Amino acid sequence: MPTATMERLPASSDSAEELPDRTIDLEFSTAGEVHAGLEEAVAGLIETAAKDASCGILVTRLRPGRYTVALDESVPFGETYEAIAA
C-alpha cells in the first residue's frame, strides 16, 4: 500500500503573531502520489499566504519523492514557482 507523509515544520520566528505553517515537508513513496500531494500542500499554503499577502509559494524538489512547499518572499504574491535543489 503506498504511503505519503506530510509534516509541517515550525517556522522560525521571534513573534507569536507570525503565521505558523510556512513550510511543508513532503515525502512520497510512489510517483502517482506526487501531483495530488503537492496540489493539497499548495492549496493549504494559499490560504496562509492570503492572510498577509506578502509572498508567494515555492515548491522545491529535493530528490525523487521528496519536496518542500513553502511561503517564500522572493516569489511574488499570487504566484507559485518551482525549483529543483542542486
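How do the residues of the lining of the largest pocket divide into nonpolar, polar and charged?

Reply: This is a predicted model, in which local features need pLDDT of at least 70, side-chain atom pairs count only at pLDDT 80 or more, and totals for chains, interfaces and linings use all residues. Residues are numbered from 1 along each chain as its sequence is written, and side-chain values use heavy atoms, with hydrogens and water left out.

The lining divides into six nonpolar residues, one polar and two charged. Here Ala, Val, Leu, Ile, Met, Phe, Trp, Tyr, Cys and Pro count as nonpolar, Asp, Glu, Lys and Arg as charged, and the others, Gly among them, as polar. The residues in question are Leu38, Val42, Val59, Arg61, Tyr67, Thr80, Glu82, Ala83 and Ile84. Helix H1 (31-52), strand E3 (56-63) and strand E5 (80-84) each give two or more residues to this lining, and E5 gives the most, with four. Helices (H or I, at least four residues) and strands (E, at least two) are DSSP runs, numbered from the N terminus.

The largest pocket holds about 150 Å³ of space. A pocket is an open set of points on a 1 Å grid over the protein atoms alone, where a 1.4 Å probe fits, with protein on both sides within 12 Å along at least five of seven lines; lining residues have an atom within 4 Å of a point. Grid points are joined across faces, edges and corners, and the volume is the space filled by probe spheres set on the points.

Tyr67, one of the lining residues, is buried, as is Phe28 (under 20% relative accessible area, 1.4 Å probe, protein chains only).

Conventions. Buried < 20%, exposed > 50% of the residue type's maximum accessible area, 1.4 Å probe, protein only.
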